[in-house]
Amino acid sequence: MEECILSDQVKANGHITTATLFAGGQLRWADRRLDMEKQVIGFSAEGSKIKIRAVVEATAGICCSSGKPALIRKTFTLELLSNDSLRLWTQKLQEYLDSLGRPKRLFIFVNPYGGKKSASKIFVNDVKPLLDDANIEYTVQETKYQLHAKEVVQSLDLAKYDGIVCVSGDGILVEVLNGLLVREDWDKAIRIPLGVVPAGTGNGMVKSLLDSCGEPCAASNATVSIIRGHKCSLDVATLSQGDIRFFSMLMLAWGLVADIDIESEKYRWMGSARLDFYALQRIFGLRKYNGSIMFVPAPGFESYGEPLDLEKQIIVEGESDMKTDEPVRTQEHGYQGPKFDIKSLNWRKIDGPFVSVWLHNVPWGGEDTMAAPDAQFSDGYLDLIMIKDCPKLSLLKSMTELNNGGHVRFPHVSYLKVKAFVLQPGSRIDDPTKAGIIDVDGEVLARGKGAYKCEEKTLMSYDKLLIKVDQGLATLFAPK
């Protein structure tokens, strides 16, 4: 028999009934059953009444592409029959909610410029009411320019908050990650949980999180998952080129996917249709790139590529003899990336030309793009989706299955997991005077000569770069 914490007579909907709070988290009265962990967001005492703020699944008609309804707010009122009962119920409800370890104070970034420029509206209409229901204190910062969030996080007093939330696309979340990891106290800073509410063009991270539990990619569901306070670990990839580093949590693309993602910006007036429109252009005017990749395969994927002769091949200048016990140079602040002996690993190599090289850390690259169906949040590997050669019509057919991950089953697609990776990008086969774009987490990391907007400055040069994975380094708010 389920243990009872509290049971009492209350008035609900004008009728006297018995309300019971069970140790397992069920709150019951009349014909109503609420799960304290999943449905109850918070409560308030007003006079002799307790107003219970909860979320329930929307009725048919308010539904997302996953088929499962989004969550909507609902308030239930219980009137207590004495002051002693009111005081006891208030105490026990608060004690139970406190035992769940939910966040009490959040720092929230809102990007008013991303996607359809709807983040501010989403915050006011969808996020703020739920946070208020949950009695969560929050500080809101609108981002004003690129890298603003990174700057703020670098000096933010993290002790004041239980988490950082981004009402945006993936870009602001990546800025926050990079801001945390360049701090002197990065090892403590990176432990703060990060949350994201979909409000951008690319919502790959939050789509991956919610889809992993069968939840629709909706602002309400994302906000509720943050309020509930459940967490998961996330692998972080360190991209390095000499002394320059960038920390990635989503993906790297070079070749076809990068060209579509970045060059389609010229058709931004078309909205999300620009990607499909430009993908057709790029497939029928297919480019192939010279270059090579080197990688350390995960167990079970050792048959891909050719063994690398480490005596004759310098993997990365200055890193080829790195040892696990190498001390961090005193003048360097922040996270330096995972340390391991590069020479001791089982490196393999594949030479180009390539149509596409795509590395993914999570399953979804966007709400409609399941890039890496087998990707895990903290398995210590990146998923590599590679195309070397392919008939155009077959390539087009495989791209139509990006929404369900079916593209990885096509014979021209290689799909494997890697622990470390080196990209040596080259020029286009059809025009050696032009090179490509390296796209990381939706932003241009490097542009080659003759590439789209090649005159613009980038963080790294279009040259060899090393990627290493640190398993479970970051923490995300996640649905259970």
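**Entry 1: K288 and its partner**

I looked up K288 in this predicted model and found a relative accessibility of 26%, so K288 counts as partly exposed. I then searched for its charged partner: D389 forms a salt bridge with K288, with the closest N and O atoms 2.7 Å apart. I noted that this pair links distant parts of the chain, the two residues being 101 residues apart. D389 lies in the loop between β21 (382-387) and α10 (392-399), and K288 in the loop between α9 (273-284) and β15 (289-297).

**Entry 2: other salt bridges**

I recorded 18 salt bridges in the structure. Salt bridges with shared partners join D259, E263 and R287 into one network.

I next examined D84 and R87, whose side chains meet in a salt bridge at 2.3 Å, N to O. Both residues belong to helix α1 (residues 83-99); they are three residues apart, which means that about one helical turn separates them. I found D84 and R87 both exposed.

For R53, I found a salt bridge with E46, the closest N and O atoms being 3.3 Å apart. Is R53 buried or exposed? Its relative accessibility is 17%, so R53 counts as buried. E46, with a relative accessible area of 38%, is partly exposed.

**Entry 3: aromatic rings**

I located F107 in strand β8 (residues 105-110) and Y161 in the loop between α3 (148-155) and β10 (164-168). The two are 54 residues apart, and the pair links distant parts of the chain. I noted that F107 and Y161 are both buried. Ring pairs link F107, F109 and Y161 into a cluster.

I also checked for charges over rings. The charged end of R28 sits over the ring of F22, 4.5 Å from the ring centre. The charged end of K207 sits over the ring of W364, with 4.5 Å to the ring centre.

**Entry 4: the second largest pocket**

I read a volume of about 270 Å³ for the second largest pocket. Its lining comprises 14 residues, of which K38, K68, L71, E215 and R228 are the closest to the pocket centre. Which strand gives the most to the lining of this pocket? I found strand β6 (residues 49-57), with three residues. By class, I recorded seven charged, five nonpolar and two polar residues in the lining.

Terms used. Residues numbered from 1 in each chain as written. Predicted model: local features only at pLDDT ≥ 70, side-chain atom pairs only at ≥ 80, totals over all residues. Heavy atoms only, no water. Helix = DSSP H or I, 4+ residues; strand = E, 2+ residues; numbered from the N terminus. Buried < 20%, exposed > 50% of the residue type's maximum accessible area, 1.4 Å probe, protein only. Phe/Tyr/Trp six-rings, centres within 6.5 Å; stacked < 30°, edge-to-face > 60°. Lys NZ or Arg CZ within 6 Å of the ring centre and 35° of its normal. 1 Å grid on protein atoms, 1.4 Å probe; cavity = no way out; pocket = protein on both sides within 12 Å on 5 of 7 lines; lining within 4 Å. Points joined across faces, edges and corners; volume = space filled by probe spheres on them. Nonpolar A, V, L, I, M, F, W, Y, C, P; charged D, E, K, R; others polar. Salt bridge = Lys/Arg side-chain N within 4 Å of Asp/Glu carboxyl O.
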